[in-house]
Amino acid sequence: MALTAPSRTSPIRARRDADGMAVASFVLGLIGLLLFNAVFGPCAIVLGTLALARETRRRGRALLGIMLGIADVALLIVLLTLNQSVFWQFGS
């Protein structure tokens, strides 16, 4: 009888981690529309991509997180181009 070392991560745990990454991608992308889009946008894109690569069951949230992350980066570019600032400005 051959004994093998137990694996560090089980398939169930890896799936839960991927599902958590998908949800985190969505949340970071959503928050990034209002705060720290230079940080949260790229993080949302990376986490969403990793979740898809690890075959998450929450594929829709991962894709939405990626799209929101791209919107965060686009918003950052627009704010830098128009205002020469990364801050929202309401009013005059």
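Q: What share of the 92 residues of the protein chain counts as buried?
A: In this predicted model, 24% of the 92 residues of the protein chain count as buried.

Q: And how many helices and strands does the chain have?
A: The protein chain has 3 helices and 0 strands. Along the sequence, the pattern reads α-α-α.

Q: Where do the helices fall in the numbering?
A: Helix 1 covers residues 11-32. Helix 2 spans 37-53, and helix 3 takes in residues 59-83.

Q: What share of the contacts with a separation of 6 or more comes from residues 24 or more positions apart?
A: Such residues account for 64% of those contacts in the protein chain.

Q: Where is L75, and is it buried or exposed?
A: L75 lies in helix 3. Its relative accessible area is 18%, so L75 counts as buried, the cut-off being under 20%.

Q: Let us turn to charges. How many salt bridges does the structure hold?
A: The structure holds 1 salt bridge. The side chains of D19 and R57 form this bridge, with an N to O distance of 3.0 Å.

Q: Which parts of the chain does that pair tie together?
A: D19 belongs to helix 1 and R57 to the loop between helix 2 and helix 3, so the pair ties together parts that are 38 residues apart in sequence.

Q: Are the two partners buried or exposed?
A: D19 is buried, at a relative accessible area of 6%. R57, in contrast, is exposed, at 61% relative accessibility.

Q: What else does D19 touch?
A: Leaving aside residues up to four places away in sequence, D19 touches T56, R57 and R58.

Q: Back to helix 1, then. What about S25, buried or exposed?
A: S25 is placed in helix 1. It counts as buried because its relative accessibility is 0%.

Q: Which residues surround it?
A: S25 touches A44, L47, G48, A62, G65 and I66, when residues up to four places away in sequence are not counted.

Q: Which backbone atom does the side chain of S25 reach?
A: The side chain of S25 reaches the backbone nitrogen of G48, at 3.4 Å.

Q: Which residues form a nonpolar patch on the surface?
A: The patch is formed by V27, I31, L34, L35, F36 and V39. Together these residues have about 590 Å² of accessible area.

Q: Where does V27 sit, and how accessible is it?
A: V27 lies in helix 1. With 37% relative accessibility, V27 counts as partly exposed.

Q: What is the phi of F36?
A: Phi of F36 is near 45°, which is a positive value in a residue other than glycine.

Q: Which other residue has a positive phi, near 55°?
A: E55 does, and it too is a residue other than glycine. E55 is found in the loop between helix 2 and helix 3, and at 56% relative accessibility it counts as exposed.

Q: One more topic, the rings. How many aromatic pairs are there?
A: The count comes to 1 aromatic pair. The rings of F36 and F40 have centres 6.1 Å apart and planes at 90°, so the pair is edge-to-face.

Q: Why give both a distance and an angle?
A: A pair of aromatic rings is described by the distance of the centres and the angle of the planes.

Q: And F40, how accessible is it?
A: F40 is partly exposed, with a relative accessible area of 21%.

Note on methods: Residues numbered from 1 in each chain as written. Predicted model: local features only at pLDDT ≥ 70, side-chain atom pairs only at ≥ 80, totals over all residues. Heavy atoms only, no water. Helix = DSSP H or I, 4+ residues; strand = E, 2+ residues; numbered from the N terminus. Buried < 20%, exposed > 50% of the residue type's maximum accessible area, 1.4 Å probe, protein only. Polar contact = N/O pair within 3.5 Å; in protein donor to acceptor, adjacent residues only side chain to side chain. Contact = heavy atoms within 4.5 Å. Patch = residues over 30% accessible without salt bridge, like charges linked within 9 Å, V, L, I, M, F, W, Y side chains within 5 Å. Areas by Shrake-Rupley, 256 points an atom, 1.4 Å probe, with all protein chains shown as cover. Salt bridge = Lys/Arg side-chain N within 4 Å of Asp/Glu carboxyl O. Phe/Tyr/Trp six-rings, centres within 6.5 Å; stacked < 30°, edge-to-face > 60°.
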